[in-house]
Amino acid sequence: MKRGSLVNTKAREFPGRITRSRTAALVVSGQLPPSKAPIKQTKKRASPTNLNMDENNNNVDNPHLQCKKKKRVMLQDVTNVFCDRNFFNKTKIQAKNENPAKRGQAKVNKVTPSVSTDVLSLRADLKDNTEFKTEGVVSSEILTESMPHWFTSSNGFGKHEDLFGSQTSELTSEHESPSKEEDKDEKHYSVENFTTSIKPDIVDVDANNKDPQLCSTYAPDIYDNLRVSELSQRPCSNFMDTTQQDITRCMRGILVDWLVEVSVEYKLEPDTLYLTVYLIDRYLSENYIERQRLQLIGITCMLISSKYEEVCAPRIEDFCFITDNTYTREEVLEMEIQVLKYFKFQLFAPTAKTFLRRFLRAAQASYKNPSLELEYLASYLTELTLIDYGFLSFLPSVIAASAIFLSRWTLDQTSHPWNPTLEHYTSYKASDLKTAVVALQSLQRNSNGCPLSATRTKYRQEEQYKSIAVLSSPELLETLF
């Protein structure tokens, strides 16, 4: 019989497709005779004992077996410190197979049974209140490597005895764990870092303040950043002489005085007025403008400031109406686009009002009860500087500190208007404020006879500001500075 007929006969006896696995099963059961005799293995298979041999056995015939051996040993050491109870025993094998040169550390010391058996008791309170204990003997470097850095770091959450419930100084090396005296010094140093380094004669205005809006925790950092910003974002102090040719200082003063009336008419926030004047001066510092469009710049900057500061900003039609419809809606929108493009939509800038709030808190610290007269008078003097073009040469923080100085001197001449608390929070000494205070007193007394009186009229109101604009400061003494 031919070979092809025999295969066809066998295929008819077993319905379905005969695969290699099915043929092997039939051969084993005796239903189908083997087509070929089994080939005897000439090479002896490696036993599991040979796979566990380490670097000492170099007589392995197949290089692929070495790769399998290393992979099996590495997989054997994979474990979890929180799940495997024999973790520290297995780390002994892991440290043996690991190359110390790659870690950049010294060679790991061998662990001997002579070391005490109960060295560590690791307890972690999990959500299910499950308690894990790991008992074993490990060397210091293995323990340090197998745990996160905040477990063994003395600058982390605490000392080793606080984390593990027992002393573990024996498990750490000398260069990692300081002595007990160093631990005490380190604890004392960490406590001192959390205390505020303020002198006894300086009142901490941020202490025990429960108002979250005052941001007492990081208020010093905020105002440090503002002190840097006022230097980089201040307008030019001589743009009338360099950039502008068609407008004068008097025109600018008339515009600002009129904007004060507008802010009173629409009951705008003080920050809106200060930001408006800042935007005007900053824009005029680098952009030439005709006098016919100066008022347009004023209402446009107030419109932008209202959108930035107010909850309900006035409409464009309101600003057009207040100018007696001198400018149309389209002209205001076109000017708004130009101003916003110039500022690149970066509108915030520290003004004198921004620093005045902080300095008033430091000034009120010397009073048992907050003084409303001090607050109103300082706000009045600071707002007077918006009209005078000459005060652009002073920083906003200097203007705010000078207003505090002159206000305290106006209300009380029995004591020095400056104290260590104000010097600490303003970063200015009395001698640093002399020029600004003298100029501010001249402005308060109206020595130049300026006819612009919108701010003075505003602060003469008895009900709202207690007629604070009526007060006048006495002569400044040279001993004050």
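Start with helix α14 (residues 270–284) and helix α18 (residues 352–364), whose axes come within 9 Å and cross at roughly 135°. Helices here are DSSP runs of H or I with at least four residues, strands are runs of E with at least two, and both are numbered from the N terminus. The axes are lines fitted to C-alpha atoms, for helices over the stretch in contact, with angles running from 0 to 180 degrees between N-to-C directions. α14 and α18 are therefore oblique to each other; angles under 35 degrees count as roughly parallel, over 145 as roughly antiparallel, 65 to 115 as roughly perpendicular, and the rest as oblique.

Who meets whom at this crossing? From α14 come Pro 270, Asp 271 and Tyr 274, and from α18 come Ala 352, Lys 353 and Arg 357, with contact meaning heavy atoms within 4.5 Å. Sort the residues of this contact and you get three nonpolar, no polar and three charged. For that sorting, Ala, Val, Leu, Ile, Met, Phe, Trp, Tyr, Cys and Pro are nonpolar, Asp, Glu, Lys and Arg are charged, and the others, Gly among them, are polar.

A word on the model itself: it is predicted, so local features need pLDDT of at least 70 and side-chain atom pairs count only at pLDDT 80 or more, while totals for chains, interfaces and linings use all residues. Residues are numbered from 1 along each chain as its sequence is written, and side-chain values use heavy atoms, leaving out hydrogens and water.

Zooming out, the chain has 24 helices and zero strands. Of its 481 residues, 39% are buried; buried means under 20% relative accessible area, exposed over 50%, and partly exposed in between, using a 1.4 Å probe and protein chains only. Among contacts between residues at least 6 apart in sequence, 72% join residues at least 24 apart.

Now look at helix α17 (residues 329–343). At 1.5 Å a residue, its 15 residues should span 21 Å, and the end C-alpha atoms are 21 Å apart, which agrees; the expected span is 1.5 Å times one less than the number of residues. Which residues of α17 are buried? They are Val 332, Met 335, Glu 336, Val 339, Leu 340 and Phe 343. These cover an arc of only 135° around the axis, which puts them on the same side of α17, the arc being that of the directions from the helix axis to the C-beta atoms. An α-helix has 3.6 residues a turn, so residues three or four places apart point the same way. The face turned away from the buried side carries the exposed residues Glu 330 and Lys 341.

What covers the buried residues of α17 includes α14, α15 (294–309) and α16 (316–322). Take Thr 300, found in α15 and buried at 0% relative accessibility. Leaving aside neighbours within four places in sequence, Thr 300 is in contact with Val 332, Met 335, Glu 336 and Val 339. Thr 300 and Met 335 are 35 residues apart in sequence, yet 6.7 Å apart in space, C-alpha to C-alpha.

In α16 sits Ile 322, partly exposed with a relative accessible area of 23%. Not counting residues up to four places away in sequence, Ile 322 touches Trp 258, Val 262 and Tyr 266.

Finally, α17 is followed by Lys 344, in the loop between α17 and α18. Lys 344 has a positive phi near 55° without being a glycine, and is exposed at 64% relative accessible area.
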